[in-house]
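Me: I have a model open and would like to talk through it with you. Could you start with the helices and then move on to the side chains?

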Amino acid sequence: MQIIWTLDKCLVRDIIDTLGDPDMPHSTVSSVVRILEKKGFVGHKAYGKTHEYFPIVTKDTYAQHGVKNLMEKYFQGSPKKLVSFLVQSEDINLKELNDLLKTLDTTKKK
């Protein structure tokens with residue numbers, strides 16, 4: 001998705017060129033892009049057999065989907081369990097946690 005957002009409109013060949021791996025199989029990249037399309041993240045315009053792909057969701061929407069999916073799969077849909085996991089695994093420190101709490105408090109007041 002990062003490459004598609006950067007290029008805005010692209011062919012599978014453009015994605016492969018951007019990846020910088022000329023040996024990357026066209027079919028592999030094409031399959032990934034089609035999966036993204038089925039999930040509603042990417043659209044395409046057909047020119048004969050050639051497809052030009054473009055993003056149809058923002059990075060924020062994509063990130064929200066990813067985090068929600070992560071929470072549902074691994075933390076029973078609980079933000080509390082996710083944050084608890086991050087604290088216990090030391091992936092978030094006390095200052096970052098306090099900043100997060102301040103953000104939540106500010107958002108709640110709006």
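Reply: Just after H4, glutamine 76 takes a positive phi of about 50°, where helices are DSSP runs (H or I, at least four residues) numbered from the N terminus. Please keep in mind that this is a predicted model, in which local features need pLDDT of at least 70 and side-chain atom pairs count only at pLDDT 80 or more, while totals for chains, interfaces and linings use all residues. Residues are numbered from 1 along each chain as its sequence is written, and side-chain values use heavy atoms, with hydrogens and water left out.

Me: How far apart are the end C-alpha atoms of H4?

Reply: They are 22 Å apart, which agrees with the 22 Å that the 16 residues of helix H4 (residues 59-74) should span at 1.5 Å a residue; the expected span is 1.5 Å times one less than the number of residues.

Me: Switching to the core, which residues of the largest nonpolar core touch the most other members?

Reply: Met1, Ile4, Ile15, Val33 and Val42 do, out of 15 residues in that core, and the elements giving two or more residues to this core are helix H1 (2-7), helix H2 (12-19) and helix H3 (26-38). A nonpolar core here is a set of buried Ala, Val, Leu, Ile, Met, Phe, Trp, Tyr and Cys residues joined through side-chain atoms within 4.5 Å, with buried meaning under 20% relative accessible area, exposed over 50%, and partly exposed in between (1.4 Å probe, protein chains only).

Me: And what is valine 42 in contact with?

Reply: Leaving aside neighbours within four places in sequence, valine 42 is in contact (heavy atoms within 4.5 Å) with Met1, Ile4, Val33, Leu36, Glu37, Tyr53, Phe54 and Ile56.

Me: OK, charges now. How many salt bridges are there?

Reply: The count comes to two, taking a salt bridge as a side-chain nitrogen of Lys or Arg within 4 Å of a carboxyl oxygen of Asp or Glu. Arginine 13 pairs with aspartate 17, with the closest N and O atoms 3.4 Å apart, and both residues lie in helix H2, four residues apart, about one turn of the helix. The other joins aspartate 99 and lysine 95 at 2.9 Å, N to O, both of them in helix H6 and likewise four residues apart.

Me: Is lysine 95 buried or exposed?

Reply: Lysine 95 counts as exposed, because its relative accessibility is 58%, whereas aspartate 99 is partly exposed at 32%.
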